[in-house]
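Good morning, and thank you for making the time.

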Amino acid sequence: MSTIDPITLEVMRNAFQSAAEEMGAALIRTALSPNIKDRRDCSTGVYSAAGELIAQAEHIPLHLGLMPSVVKSTLRIFPVASLQPGDAIITNDPYISGSHLPDICILSPVFHERSCIGILANLAHHVDIGGMAPGGMPTISTEIFQEGLRIPPVRIRKAGAVDEEIMTLITHNVRTSREARGDFQAQLAANNVGERRLHEIIRKYGAEQTTRYMEELINYSERRMRARLRELPQGVFAFEDYLEGDGISEDPLALKVRLSIEPSRIVVDFTGSSPQTRGSVNCTRPVTLACTYYALKAAIDPDLPSTGGAFKPIEVITPPGSIVNPRFPAPVSNANINTSQRIADVVLGALSKAMPERVPAASSGSMCLFTIGGINPRSGAYYSYVETYGGGQGAVCTQDGLAGVHTHMTNTRNTPVEVIEIAYPLRVDRYGLVPNTDGAGRFRGGLGLTRELTVLDHHAIINLSSDRLKIRPWGLAGGGAGGTVASSLDLPAGEKVVLPSKTTRGVAPGTRINLRTAGGGGYGPPFLRDPQLVRDDVLNGFV
(Lines give C-alpha, C1' and ligand atoms only; values in the text may rest on other atoms or scores of the structure.)
Protein backbone atom coordinates (compact mmCIF):
# COMPACT_ATOMS: atom_id res chain seq x y z
CA MET A 1 0.00 0.00 0.00
CA SER A 2 1.37 3.42 -0.91
CA THR A 3 2.08 5.94 1.81
CA ILE A 4 -0.36 8.67 2.74
CA ASP A 5 0.48 12.02 1.14
CA PRO A 6 -0.16 14.86 3.65
CA ILE A 7 -1.06 17.35 0.91
CA THR A 8 -3.62 14.98 -0.60
CA LEU A 9 -4.94 14.32 2.91
CA GLU A 10 -5.59 18.03 3.43
CA VAL A 11 -7.16 18.37 -0.02
CA MET A 12 -9.44 15.40 0.69
CA ARG A 13 -10.34 16.75 4.14
CA ASN A 14 -11.49 19.99 2.56
CA ALA A 15 -13.36 18.13 -0.18
CA PHE A 16 -15.38 16.16 2.39
CA GLN A 17 -15.91 19.32 4.43
CA SER A 18 -17.11 21.15 1.33
CA ALA A 19 -19.60 18.36 0.60
CA ALA A 20 -21.03 18.66 4.12
CA GLU A 21 -21.23 22.45 3.85
CA GLU A 22 -23.02 22.26 0.51
CA MET A 23 -25.50 19.78 1.96
CA GLY A 24 -26.29 22.33 4.65
CA ALA A 25 -26.67 25.13 2.11
CA ALA A 26 -29.13 23.04 0.09
CA LEU A 27 -31.16 22.17 3.19
CA ILE A 28 -31.40 25.80 4.30
CA ARG A 29 -32.27 27.09 0.81
CA THR A 30 -35.06 24.59 0.22
CA ALA A 31 -36.63 24.26 3.70
CA LEU A 32 -40.13 25.60 4.26
CA SER A 33 -40.24 26.47 7.97
CA PRO A 34 -38.57 29.69 9.24
CA ASN A 35 -36.86 27.63 11.94
CA ILE A 36 -34.67 25.99 9.30
CA LYS A 37 -34.57 28.46 6.41
CA ASP A 38 -34.06 31.57 8.59
CA ARG A 39 -32.72 30.32 11.92
CA ARG A 40 -30.69 27.48 10.36
CA ASP A 41 -31.59 25.00 13.08
CA CYS A 42 -30.07 22.05 11.22
CA SER A 43 -26.78 20.22 10.72
CA THR A 44 -25.15 17.97 8.12
CA GLY A 45 -22.31 15.45 8.01
CA VAL A 46 -20.41 12.86 5.96
CA TYR A 47 -19.68 9.41 7.40
CA SER A 48 -17.80 6.31 6.34
CA ALA A 49 -19.67 3.14 5.41
CA ALA A 50 -18.97 1.92 8.96
CA GLY A 51 -20.67 5.01 10.40
CA GLU A 52 -17.50 6.84 11.46
CA LEU A 53 -17.63 10.63 11.23
CA ILE A 54 -15.52 12.02 8.38
CA ALA A 55 -16.60 15.68 8.09
CA GLN A 56 -19.23 18.09 9.42
CA ALA A 57 -20.57 21.43 8.34
CA GLU A 58 -20.06 24.24 10.85
CA HIS A 59 -23.60 24.20 12.17
CA ILE A 60 -24.88 23.33 15.67
CA PRO A 61 -22.45 21.66 18.11
CA LEU A 62 -25.21 19.69 19.86
CA HIS A 63 -26.49 18.19 16.59
CA LEU A 64 -23.01 17.55 15.25
CA GLY A 65 -21.85 15.84 18.42
CA LEU A 66 -24.77 13.45 18.70
CA MET A 67 -25.23 12.59 15.00
CA PRO A 68 -22.43 9.97 15.07
CA SER A 69 -24.48 8.14 17.71
CA VAL A 70 -27.57 8.39 15.49
CA VAL A 71 -25.72 6.97 12.49
CA LYS A 72 -24.19 4.07 14.39
CA SER A 73 -27.45 3.21 16.19
CA THR A 74 -29.35 3.25 12.90
CA LEU A 75 -26.79 1.06 11.15
CA ARG A 76 -27.20 -1.53 13.89
CA ILE A 77 -30.88 -1.74 12.93
CA PHE A 78 -30.30 -1.33 9.18
CA PRO A 79 -26.88 -2.87 8.41
CA VAL A 80 -25.21 -1.59 5.26
CA ALA A 81 -25.72 -5.02 3.65
CA SER A 82 -29.51 -4.51 3.88
CA LEU A 83 -29.45 -1.12 2.11
CA GLN A 84 -29.57 -0.29 -1.57
CA PRO A 85 -28.97 2.81 -3.70
CA GLY A 86 -31.69 5.42 -3.27
CA ASP A 87 -32.64 4.39 0.27
CA ALA A 88 -33.10 6.97 3.02
CA ILE A 89 -33.80 6.22 6.68
CA ILE A 90 -35.61 8.57 9.04
CA THR A 91 -35.63 8.57 12.85
CA ASN A 92 -36.13 10.83 15.86
CA ASP A 93 -36.42 8.38 18.78
CA PRO A 94 -34.31 9.86 21.63
CA TYR A 95 -33.59 6.39 22.96
CA ILE A 96 -32.02 5.56 19.59
CA SER A 97 -30.94 8.92 18.19
CA GLY A 98 -30.27 10.67 21.49
CA SER A 99 -31.83 14.04 20.71
CA HIS A 100 -35.32 15.31 21.50
CA LEU A 101 -38.28 14.46 19.26
CA PRO A 102 -38.38 17.63 17.11
CA ASP A 103 -34.84 16.82 15.88
CA ILE A 104 -35.43 14.46 12.95
CA CYS A 105 -32.50 12.79 11.23
CA ILE A 106 -32.43 11.42 7.68
CA LEU A 107 -29.57 9.13 6.58
CA SER A 108 -28.71 8.05 3.04
CA PRO A 109 -26.14 5.46 1.93
CA VAL A 110 -23.86 6.26 -1.03
CA PHE A 111 -23.00 3.36 -3.34
CA HIS A 112 -20.26 2.91 -5.90
CA GLU A 113 -20.33 -0.21 -8.07
CA ARG A 114 -22.70 -2.03 -5.67
CA SER A 115 -20.55 -1.23 -2.61
CA CYS A 116 -21.53 1.29 0.06
CA ILE A 117 -18.74 3.84 0.30
CA GLY A 118 -20.25 6.31 2.75
CA ILE A 119 -23.26 7.55 4.68
CA LEU A 120 -24.74 11.05 4.47
CA ALA A 121 -26.81 12.41 7.33
CA ASN A 122 -28.62 15.56 8.24
CA LEU A 123 -30.62 16.56 11.27
CA ALA A 124 -33.23 19.31 11.32
CA HIS A 125 -35.37 20.73 14.10
CA HIS A 126 -39.03 20.59 13.00
CA VAL A 127 -41.43 23.19 14.38
CA ASP A 128 -43.89 20.57 15.59
CA ILE A 129 -43.88 16.86 16.31
CA GLY A 130 -47.28 16.46 17.99
CA GLY A 131 -47.49 15.89 21.72
CA MET A 132 -49.23 17.83 24.45
CA ALA A 133 -47.95 21.28 23.44
CA PRO A 134 -47.08 22.99 20.14
CA GLY A 135 -43.40 22.60 19.34
CA GLY A 136 -42.96 19.22 21.03
CA MET A 137 -41.02 20.50 24.05
CA PRO A 138 -43.52 20.86 26.93
CA THR A 139 -41.95 21.67 30.29
CA ILE A 140 -44.70 19.71 32.10
CA SER A 141 -44.25 16.31 30.43
CA THR A 142 -43.49 13.36 32.70
CA GLU A 143 -42.92 10.66 30.06
CA ILE A 144 -41.63 10.56 26.51
CA PHE A 145 -45.06 9.67 25.08
CA GLN A 146 -46.39 13.14 25.99
CA GLU A 147 -43.70 14.89 23.96
CA GLY A 148 -44.76 13.83 20.49
CA LEU A 149 -44.46 11.23 17.76
CA ARG A 150 -41.56 8.79 18.11
CA ILE A 151 -40.21 7.59 14.77
CA PRO A 152 -38.07 4.45 14.94
CA PRO A 153 -35.57 4.03 12.10
CA VAL A 154 -37.66 3.32 8.98
CA ARG A 155 -37.07 3.76 5.27
CA ILE A 156 -38.78 6.95 4.12
CA ARG A 157 -37.30 6.43 0.66
CA LYS A 158 -36.84 3.02 -0.92
CA ALA A 159 -34.64 2.60 -4.00
CA GLY A 160 -35.18 6.24 -4.90
CA ALA A 161 -38.96 6.38 -4.36
CA VAL A 162 -40.37 8.26 -1.36
CA ASP A 163 -42.71 6.08 0.70
CA GLU A 164 -45.83 8.25 0.70
CA GLU A 165 -47.51 6.06 3.32
CA ILE A 166 -44.70 6.74 5.81
CA MET A 167 -44.64 10.43 4.86
CA THR A 168 -48.40 10.74 5.34
CA LEU A 169 -48.36 8.84 8.63
CA ILE A 170 -45.82 11.29 10.07
CA THR A 171 -47.27 14.51 8.70
CA HIS A 172 -50.79 13.44 9.73
CA ASN A 173 -49.66 13.43 13.38
CA VAL A 174 -48.12 16.92 13.57
CA ARG A 175 -49.87 20.27 13.77
CA THR A 176 -47.91 21.87 10.93
CA SER A 177 -48.11 19.12 8.30
CA ARG A 178 -47.39 21.39 5.31
CA GLU A 179 -44.16 22.71 6.82
CA ALA A 180 -43.15 19.20 7.91
CA ARG A 181 -43.56 17.77 4.40
CA GLY A 182 -41.58 20.64 2.89
CA ASP A 183 -38.77 20.27 5.41
CA PHE A 184 -38.59 16.48 4.84
CA GLN A 185 -38.23 17.10 1.11
CA ALA A 186 -35.45 19.60 1.84
CA GLN A 187 -33.64 17.03 4.00
CA LEU A 188 -33.83 14.41 1.26
CA ALA A 189 -32.60 16.96 -1.28
CA ALA A 190 -29.63 17.86 0.95
CA ASN A 191 -28.49 14.24 0.98
CA ASN A 192 -28.89 14.10 -2.80
CA VAL A 193 -26.46 17.01 -3.09
CA GLY A 194 -23.98 15.29 -0.81
CA GLU A 195 -24.22 12.10 -2.85
CA ARG A 196 -23.36 13.97 -6.04
CA ARG A 197 -20.34 15.56 -4.38
CA LEU A 198 -19.06 12.22 -3.04
CA HIS A 199 -19.35 10.70 -6.50
CA GLU A 200 -17.32 13.61 -7.88
CA ILE A 201 -14.60 12.89 -5.31
CA ILE A 202 -14.64 9.20 -6.25
CA ARG A 203 -14.38 9.98 -9.96
CA LYS A 204 -11.35 12.16 -9.28
CA TYR A 205 -9.47 9.99 -6.78
CA GLY A 206 -10.98 6.52 -7.17
CA ALA A 207 -13.01 4.54 -4.68
CA GLU A 208 -10.03 2.83 -3.03
CA GLN A 209 -8.12 6.05 -2.42
CA THR A 210 -11.24 7.84 -1.20
CA THR A 211 -11.84 5.11 1.38
CA ARG A 212 -8.18 5.08 2.44
CA TYR A 213 -8.14 8.82 3.04
CA MET A 214 -11.40 8.63 4.98
CA GLU A 215 -9.71 6.17 7.32
CA GLU A 216 -6.54 8.25 7.52
CA LEU A 217 -8.48 11.39 8.46
CA ILE A 218 -9.87 9.47 11.43
CA ASN A 219 -6.39 8.23 12.38
CA TYR A 220 -4.87 11.70 11.99
CA SER A 221 -7.44 13.29 14.31
CA GLU A 222 -6.81 10.62 16.94
CA ARG A 223 -3.02 11.08 16.79
CA ARG A 224 -3.36 14.85 17.02
CA MET A 225 -5.72 14.71 20.00
CA ARG A 226 -3.40 12.33 21.87
CA ALA A 227 -0.48 14.64 21.14
CA ARG A 228 -2.40 17.58 22.63
CA LEU A 229 -3.25 15.55 25.73
CA ARG A 230 0.44 14.94 26.41
CA GLU A 231 0.90 18.73 26.60
CA LEU A 232 -1.78 19.23 29.28
CA PRO A 233 -1.27 19.27 33.06
CA GLN A 234 -1.92 15.78 34.41
CA GLY A 235 -4.29 15.23 37.31
CA VAL A 236 -7.90 15.15 38.45
CA PHE A 237 -10.03 18.30 38.21
CA ALA A 238 -13.59 18.50 39.55
CA PHE A 239 -16.45 20.96 39.11
CA GLU A 240 -20.17 21.12 39.80
CA ASP A 241 -23.09 23.34 38.90
CA TYR A 242 -26.87 23.13 39.19
CA LEU A 243 -30.06 23.30 37.16
CA GLU A 244 -32.95 25.21 38.71
CA GLY A 245 -35.56 22.46 38.63
CA ASP A 246 -37.04 20.20 35.99
CA GLY A 247 -40.27 22.04 35.15
CA ILE A 248 -42.28 19.95 37.62
CA SER A 249 -40.27 20.81 40.73
CA GLU A 250 -37.94 23.73 41.46
CA ASP A 251 -35.54 21.56 43.48
CA PRO A 252 -31.93 22.12 42.29
CA LEU A 253 -30.38 19.36 40.20
CA ALA A 254 -26.66 18.69 40.44
CA LEU A 255 -24.33 18.22 37.48
CA LYS A 256 -20.98 16.97 38.79
CA VAL A 257 -17.88 15.99 36.87
CA ARG A 258 -14.40 14.64 37.63
CA LEU A 259 -11.95 15.15 34.78
CA SER A 260 -8.93 12.83 34.87
CA ILE A 261 -6.25 13.97 32.42
CA GLU A 262 -3.74 11.22 31.64
CA PRO A 263 -0.87 11.18 29.11
CA SER A 264 -2.89 9.49 26.37
CA ARG A 265 -6.53 9.84 27.38
CA ILE A 266 -9.12 11.81 29.34
CA VAL A 267 -11.71 10.19 31.61
CA VAL A 268 -14.82 12.32 32.19
CA ASP A 269 -16.90 10.95 35.08
CA PHE A 270 -20.37 12.33 35.84
CA THR A 271 -20.89 10.09 38.88
CA GLY A 272 -22.63 12.09 41.61
CA SER A 273 -24.94 13.95 39.25
CA SER A 274 -28.63 13.90 40.19
CA PRO A 275 -30.81 10.89 39.42
CA GLN A 276 -33.08 11.14 36.39
CA THR A 277 -35.96 13.51 37.01
CA ARG A 278 -39.72 13.41 36.62
CA GLY A 279 -39.59 16.44 34.32
CA SER A 280 -38.14 16.80 30.84
CA VAL A 281 -34.52 17.85 31.53
CA ASN A 282 -33.11 14.33 31.35
CA CYS A 283 -30.13 14.21 29.01
CA THR A 284 -29.58 11.03 26.98
CA ARG A 285 -26.06 9.64 26.85
CA PRO A 286 -25.50 10.68 23.19
CA VAL A 287 -26.29 14.30 24.11
CA THR A 288 -24.01 14.09 27.14
CA LEU A 289 -21.24 12.79 24.88
CA ALA A 290 -21.84 15.62 22.40
CA CYS A 291 -21.52 18.26 25.13
CA THR A 292 -18.40 16.65 26.58
CA TYR A 293 -16.69 16.32 23.20
CA TYR A 294 -17.55 19.92 22.31
CA ALA A 295 -16.09 21.36 25.53
CA LEU A 296 -12.90 19.33 25.32
CA LYS A 297 -12.29 20.03 21.63
CA ALA A 298 -13.04 23.76 22.01
CA ALA A 299 -10.54 24.15 24.83
CA ILE A 300 -7.84 21.68 23.85
CA ASP A 301 -7.65 21.98 20.04
CA PRO A 302 -10.46 23.95 18.34
CA ASP A 303 -8.86 23.50 14.90
CA LEU A 304 -8.78 19.72 15.22
CA PRO A 305 -10.63 18.09 12.26
CA SER A 306 -14.03 16.88 13.44
CA THR A 307 -13.83 13.16 12.79
CA GLY A 308 -14.58 10.09 14.85
CA GLY A 309 -10.88 9.78 15.71
CA ALA A 310 -10.82 13.04 17.67
CA PHE A 311 -12.87 11.49 20.45
CA LYS A 312 -11.34 8.03 20.72
CA PRO A 313 -8.99 9.13 23.56
CA ILE A 314 -12.02 10.27 25.60
CA GLU A 315 -13.85 7.96 28.01
CA VAL A 316 -17.14 9.28 29.39
CA ILE A 317 -18.84 7.70 32.41
CA THR A 318 -22.60 8.35 32.64
CA PRO A 319 -24.33 6.36 35.41
CA PRO A 320 -27.53 4.73 34.10
CA GLY A 321 -30.67 6.20 35.62
CA SER A 322 -29.05 9.60 36.12
CA ILE A 323 -29.88 12.99 34.65
CA VAL A 324 -27.03 12.43 32.15
CA ASN A 325 -28.18 8.94 31.09
CA PRO A 326 -31.88 8.35 31.85
CA ARG A 327 -33.82 5.14 31.47
CA PHE A 328 -36.83 4.85 29.15
CA PRO A 329 -39.50 6.32 29.20
CA ALA A 330 -38.12 9.43 30.94
CA PRO A 331 -39.03 12.71 29.18
CA VAL A 332 -36.08 14.45 27.51
CA SER A 333 -37.43 17.34 25.44
CA ASN A 334 -35.86 20.20 27.41
CA ALA A 335 -32.50 18.59 28.14
CA ASN A 336 -31.16 19.96 24.85
CA ILE A 337 -32.18 23.44 25.96
CA ASN A 338 -30.78 23.57 29.49
CA THR A 339 -29.02 20.39 30.65
CA SER A 340 -26.76 20.29 27.61
CA GLN A 341 -25.55 23.81 28.35
CA ARG A 342 -24.90 22.95 31.98
CA ILE A 343 -22.91 19.86 31.01
CA ALA A 344 -20.72 22.04 28.80
CA ASP A 345 -20.42 24.49 31.72
CA VAL A 346 -19.19 21.89 34.21
CA VAL A 347 -16.70 20.31 31.80
CA LEU A 348 -15.32 23.75 30.95
CA GLY A 349 -15.32 24.62 34.66
CA ALA A 350 -13.17 21.57 35.40
CA LEU A 351 -10.87 22.43 32.49
CA SER A 352 -10.47 25.98 33.83
CA LYS A 353 -8.53 24.51 36.74
CA ALA A 354 -6.10 22.81 34.37
CA MET A 355 -5.84 25.43 31.61
CA PRO A 356 -7.44 28.71 32.78
CA GLU A 357 -6.15 30.70 29.81
CA ARG A 358 -8.15 28.52 27.38
CA VAL A 359 -11.58 28.56 29.05
CA PRO A 360 -14.23 31.32 29.19
CA ALA A 361 -16.32 32.27 32.19
CA ALA A 362 -19.85 30.86 32.18
CA SER A 363 -22.13 32.05 29.40
CA SER A 364 -25.89 32.52 29.70
CA GLY A 365 -26.31 28.82 30.46
CA SER A 366 -29.53 28.15 28.54
CA MET A 367 -30.73 28.19 24.96
CA CYS A 368 -33.82 29.98 26.34
CA LEU A 369 -36.39 28.17 24.25
CA PHE A 370 -39.65 29.95 23.53
CA THR A 371 -42.53 28.55 21.50
CA ILE A 372 -46.01 29.86 20.73
CA GLY A 373 -48.63 27.74 19.00
CA GLY A 374 -52.29 27.94 18.11
CA ILE A 375 -54.70 28.53 15.24
CA ASN A 376 -53.66 31.38 12.99
CA PRO A 377 -56.80 33.55 12.54
CA ARG A 378 -55.52 34.70 9.15
CA SER A 379 -55.52 31.20 7.64
CA GLY A 380 -57.46 28.97 10.05
CA ALA A 381 -54.46 26.62 10.15
CA TYR A 382 -52.17 25.63 13.01
CA TYR A 383 -48.91 27.50 13.42
CA SER A 384 -45.92 26.87 15.64
CA TYR A 385 -43.32 29.57 16.30
CA VAL A 386 -40.12 28.12 17.71
CA GLU A 387 -37.03 30.09 18.69
CA THR A 388 -34.11 29.94 21.05
CA TYR A 389 -32.76 33.25 22.29
CA GLY A 390 -29.11 34.18 22.64
CA GLY A 391 -27.60 35.64 25.79
CA GLY A 392 -24.30 36.89 27.13
CA GLN A 393 -21.09 35.06 26.32
CA GLY A 394 -18.61 34.54 29.13
CA ALA A 395 -15.47 36.67 29.01
CA VAL A 396 -12.05 35.17 28.37
CA CYS A 397 -8.64 36.19 29.65
CA THR A 398 -8.04 38.58 26.73
CA GLN A 399 -11.41 40.07 25.77
CA ASP A 400 -15.04 40.78 26.69
CA GLY A 401 -17.77 38.29 26.00
CA LEU A 402 -20.09 38.94 23.07
CA ALA A 403 -23.61 40.22 23.74
CA GLY A 404 -26.88 38.61 22.69
CA VAL A 405 -25.39 35.58 20.95
CA HIS A 406 -25.86 31.84 20.99
CA THR A 407 -23.10 30.03 22.83
CA HIS A 408 -21.71 26.55 23.33
CA MET A 409 -24.15 23.84 22.23
CA THR A 410 -26.29 26.07 19.99
CA ASN A 411 -25.34 28.08 16.94
CA THR A 412 -28.57 29.22 15.32
CA ARG A 413 -29.46 32.63 14.00
CA ASN A 414 -32.37 34.71 15.27
CA THR A 415 -35.67 34.90 13.42
CA PRO A 416 -35.89 38.38 11.87
CA VAL A 417 -38.68 40.55 13.25
CA GLU A 418 -40.16 40.92 9.76
CA VAL A 419 -40.32 37.14 9.31
CA ILE A 420 -42.08 36.65 12.65
CA GLU A 421 -44.75 39.23 11.84
CA ILE A 422 -45.27 37.92 8.29
CA ALA A 423 -45.39 34.23 9.19
CA TYR A 424 -47.25 34.29 12.51
CA PRO A 425 -50.14 36.17 14.19
CA LEU A 426 -47.65 37.90 16.50
CA ARG A 427 -46.31 41.43 16.90
CA VAL A 428 -42.76 42.15 18.05
CA ASP A 429 -42.85 45.18 20.37
CA ARG A 430 -39.22 45.27 21.46
CA TYR A 431 -35.94 43.56 20.66
CA GLY A 432 -32.55 44.57 22.05
CA LEU A 433 -29.79 44.14 24.61
CA VAL A 434 -30.35 44.46 28.36
CA PRO A 435 -28.03 46.85 30.27
CA ASN A 436 -26.36 45.68 33.48
CA THR A 437 -26.70 41.96 32.74
CA ASP A 438 -22.95 41.53 32.17
CA GLY A 439 -20.62 40.02 34.74
CA ALA A 440 -18.09 42.61 35.88
CA GLY A 441 -14.40 41.92 35.39
CA ARG A 442 -11.16 43.05 33.85
CA PHE A 443 -12.98 41.71 30.83
CA ARG A 444 -16.74 41.82 31.26
CA GLY A 445 -19.28 39.24 30.20
CA GLY A 446 -21.67 39.81 27.32
CA LEU A 447 -25.15 41.28 27.79
CA GLY A 448 -28.38 39.31 27.72
CA LEU A 449 -31.12 40.27 25.30
CA THR A 450 -34.85 40.96 25.51
CA ARG A 451 -37.70 40.33 23.12
CA GLU A 452 -41.30 41.34 23.76
CA LEU A 453 -44.14 39.93 21.66
CA THR A 454 -47.91 40.38 21.65
CA VAL A 455 -50.32 37.57 20.75
CA LEU A 456 -52.83 38.89 18.21
CA ASP A 457 -56.51 37.93 17.92
CA HIS A 458 -56.34 34.35 19.18
CA HIS A 459 -55.72 32.10 22.16
CA ALA A 460 -52.32 30.40 22.16
CA ILE A 461 -50.15 28.03 24.16
CA ILE A 462 -46.70 29.26 25.16
CA ASN A 463 -43.75 27.22 26.29
CA LEU A 464 -40.75 28.79 28.01
CA SER A 465 -37.70 26.73 28.93
CA SER A 466 -34.80 28.63 30.46
CA ASP A 467 -32.43 28.56 33.42
CA ARG A 468 -30.18 30.89 35.45
CA LEU A 469 -33.15 32.58 37.14
CA LYS A 470 -31.55 32.19 40.58
CA ILE A 471 -28.03 30.84 40.08
CA ARG A 472 -26.06 33.39 38.08
CA PRO A 473 -23.46 32.42 35.44
CA TRP A 474 -20.12 32.22 37.22
CA GLY A 475 -17.08 34.36 36.59
CA LEU A 476 -13.44 33.28 36.52
CA ALA A 477 -10.20 34.57 38.07
CA GLY A 478 -12.03 37.11 40.23
CA GLY A 479 -14.64 38.10 37.63
CA GLY A 480 -18.24 38.72 38.65
CA ALA A 481 -21.29 36.61 37.87
CA GLY A 482 -23.55 37.44 34.93
CA GLY A 483 -27.14 38.68 35.19
CA THR A 484 -30.14 36.37 35.40
CA VAL A 485 -33.09 35.58 33.13
CA ALA A 486 -36.42 37.33 33.77
CA SER A 487 -39.71 36.74 31.96
CA SER A 488 -43.27 37.93 32.51
CA LEU A 489 -46.70 38.39 30.97
CA ASP A 490 -48.69 41.60 30.64
CA LEU A 491 -52.29 40.38 30.60
CA PRO A 492 -54.99 42.22 28.63
CA ALA A 493 -56.67 43.33 31.89
CA GLY A 494 -53.47 45.08 32.98
CA GLU A 495 -52.15 42.49 35.44
CA LYS A 496 -48.44 41.54 35.30
CA VAL A 497 -47.54 37.88 35.90
CA VAL A 498 -43.93 36.91 36.65
CA LEU A 499 -43.04 33.61 34.95
CA PRO A 500 -40.88 30.84 36.38
CA SER A 501 -37.88 29.73 34.34
CA LYS A 502 -39.85 26.80 32.90
CA THR A 503 -43.55 26.93 32.10
CA THR A 504 -46.20 25.72 29.66
CA ARG A 505 -49.52 27.61 29.75
CA GLY A 506 -52.26 29.21 27.71
CA VAL A 507 -52.50 32.93 26.98
CA ALA A 508 -55.39 35.10 25.83
CA PRO A 509 -55.51 37.44 22.83
CA GLY A 510 -53.65 40.67 23.50
CA THR A 511 -51.22 39.14 26.01
CA ARG A 512 -47.76 40.65 25.86
CA ILE A 513 -44.85 38.30 26.58
CA ASN A 514 -41.63 39.80 27.95
CA LEU A 515 -38.50 37.65 27.72
CA ARG A 516 -35.01 38.40 29.03
CA THR A 517 -31.95 36.16 28.84
CA ALA A 518 -28.95 35.95 31.15
CA GLY A 519 -25.60 37.70 30.73
CA GLY A 520 -22.15 36.13 30.77
CA GLY A 521 -19.67 35.95 33.61
CA GLY A 522 -16.66 38.26 33.83
CA TYR A 523 -12.96 37.37 33.79
CA GLY A 524 -10.42 38.88 36.16
CA PRO A 525 -10.84 41.48 38.96
CA PRO A 526 -13.15 44.35 37.92
CA PHE A 527 -10.83 47.06 39.32
CA LEU A 528 -8.22 46.07 36.71
CA ARG A 529 -10.53 47.00 33.84
CA ASP A 530 -9.21 49.71 31.52
CA PRO A 531 -10.97 52.99 32.50
CA GLN A 532 -11.47 53.81 28.82
CA LEU A 533 -13.42 50.59 28.40
CA VAL A 534 -15.57 51.47 31.41
CA ARG A 535 -16.26 54.88 29.89
CA ASP A 536 -17.23 53.29 26.56
CA ASP A 537 -19.59 50.87 28.32
CA VAL A 538 -21.37 53.75 30.03
CA LEU A 539 -21.59 55.86 26.86
CA ASN A 540 -22.96 52.88 24.91
CA GLY A 541 -25.59 52.24 27.56
CA PHE A 542 -24.26 48.78 28.45
CA VAL A 543 -23.85 49.65 32.15
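Let me begin with the cavities. The model contains three cavities of 30 Å³ or more. On a 1 Å grid over the protein atoms alone, a cavity is a set of points where a 1.4 Å probe fits but cannot get out, and lining residues have an atom within 4 Å of a point. Grid points are joined across faces, edges and corners, and a volume is the space filled by probe spheres set on the points. This is a predicted model, in which local features need pLDDT of at least 70 and side-chain atom pairs count only at pLDDT 80 or more, while totals for chains, interfaces and linings use all residues. Residues are numbered from 1 along each chain as its sequence is written, and side-chain values use heavy atoms, with hydrogens and water left out.

The largest cavity has a volume of about 130 Å³. Its lining comprises 16 residues, and Asp41, His63, His125, Met367 and Thr388 lie nearest its centre. Which elements each supply at least two residues of that lining? They are helix H3 (61–77), helix H8 (335–354) and strand S13 (382–388). Helices (H or I, at least four residues) and strands (E, at least two) are DSSP runs, numbered from the N terminus. By class, this lining has six nonpolar, seven polar and three charged residues. Here Ala, Val, Leu, Ile, Met, Phe, Trp, Tyr, Cys and Pro count as nonpolar, Asp, Glu, Lys and Arg as charged, and the others, Gly among them, as polar.

The second largest cavity holds about 40 Å³. Cys368, Tyr389, Leu464, Ser466, Ser487, Leu515, Arg516 and Thr517 form its lining, which divides into four nonpolar, three polar and one charged residues.

I turn now to helix packing. Helix H4 (residues 164–171) and helix H5 (residues 177–205) pack at an angle of about 140°, with their axes 9 Å apart. Axes are lines fitted to C-alpha atoms, for helices over the stretch in contact, and angles run from 0 to 180 degrees between N-to-C directions. H4 and H5 are therefore oblique to each other, given that angles under 35 degrees count as roughly parallel, over 145 as roughly antiparallel, 65 to 115 as roughly perpendicular and the rest as oblique. On the H4 side, Glu164, Met167, Thr168, Ile170 and Thr171 make the contact (heavy atoms within 4.5 Å), and their partners in H5 are Ser177, Ala180, Arg181 and Phe184. That contact has four nonpolar, three polar and two charged residues.

What is the angle between H3 and helix H7 (residues 285–300)? It is about 125°, and the axes lie 8 Å apart. H3 and H7 are therefore also oblique to each other. Pro61, Leu62, Gly65, Leu66 and Ser69 of H3 meet Pro286, Val287, Leu289, Ala290, Cys291 and Tyr294 of H7. Of these contact residues, nine are nonpolar, two are polar and none is charged.

Finally, the backbone. Most residues other than glycine have a negative phi, and most peptide bonds are trans. In this model, a cis peptide bond joins phenylalanine 328 and proline 329, with omega about 5°. Proline 329 lies in the loop between strand S11 (314–317) and H8. Histidine 408, a residue other than glycine, has a positive phi near 55°. Histidine 408 is placed in the loop between S13 and H9.

Note on methods: On a 1 Å grid over the protein atoms alone, a cavity is a set of points where a 1.4 Å probe fits but cannot get out, and a pocket is an open set with protein on both sides within 12 Å along at least five of seven lines; lining residues have an atom within 4 Å of a point.
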